[in-house]
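Please consult the sequence and the structure shown below while reading.

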Amino acid sequence: MPSVFFDYAEYYCHGFLTGLLKTSQKYRVLSNRDSGTGRPDILMKTPSVRGGAVILELKVAASFQKMEDADLEALAQIEDRNYEVDLRAEGYSNIKKYGICFYQKECLVMSTTYIEQ
C-alpha cells in the first residue's frame with residue numbers, strides 16, 4: 001500500500017484523538033506545536049505546572065505485527081527530539097510520554113514518565 005494511505009490514517013487518528021481530548025476540563029490540549037527539535041503530535045498541560053503534562057506521539061502500523069515496533073519508534077522519537085524540553089522550561093516536572101499506535105481497529109499504547117527530582 002502507498003505511504004500516502006498511512007499518512008492519511010495518522011492524520012485521521014490525530015484529528016479524532018485531539019478532538020476527543022479537547023473536551024477535557026483538566027488539560028489544555030495543543031496539537032503539532034514546536035517543542036525541542038520537532039513537533040509532538042499532541043501535548044496536554046494542566047493549568048498549574050504542579051499538575052503535570054502529557055506528550056502523545058501517534059503512529060499507524062502497516063500490520064498488526066508491527067504495532068509494538070511503531071510504539072517503540074514513537075517513544076524513541078519523543079526522546080530523540082527532546083519534546084519535553086519546553087515543558088521542563090515552563091516548570092513541569094511530572095511529564096508522561098505515550099506512544100500510541102493504530103492498526104485498523106486496534107490500538108496499542110506504551111508509556112514512559114519523566115519525573116524531575
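## Glutamate 73 and lysine 59

In this predicted model, glutamate 73 and lysine 59 form a salt bridge through their side chains, with an N to O distance of 3.7 Å.

Glutamate 73 has a relative accessibility of 47% and counts as partly exposed, whereas lysine 59, at 12%, is buried.

## Glutamate 90 and lysine 45

A salt bridge also joins glutamate 90 to lysine 45, and their closest N and O atoms are 3.0 Å apart. This pair links distant parts of the chain, since glutamate 90 is in helix H3 (residues 85-90) and lysine 45 is in strand E2 (residues 42-45), 45 residues apart.

Glutamate 90 is partly exposed, with a relative accessible area of 42%. Lysine 45 has a relative accessibility of 8%, and therefore counts as buried because this value lies under the 20% cut-off.

The side chains of glutamate 84 and lysine 97 form a salt bridge at 3.5 Å, N to O. Glutamate 84 is found in the loop between H2 and H3, and lysine 97 in strand E4 (residues 94-103), 13 residues apart. Both glutamate 84 and lysine 97 are buried.

Salt bridges with shared partners connect Glu79, Glu84, Arg88 and Lys97 into one network.

## Overall count

The count for the model comes to six salt bridges.

Notes. Residues are numbered from 1 along each chain as its sequence is written. This is a predicted model: local features need pLDDT of at least 70, side-chain atom pairs count only at pLDDT 80 or more; totals for chains, interfaces and linings use all residues. Side-chain values use heavy atoms; hydrogens and water are left out. A salt bridge is a side-chain nitrogen of Lys or Arg within 4 Å of a carboxyl oxygen of Asp or Glu. Helices (H or I, at least four residues) and strands (E, at least two) are DSSP runs, numbered from the N terminus. Buried means under 20% relative accessible area, exposed over 50%, partly exposed in between (1.4 Å probe, protein chains only).
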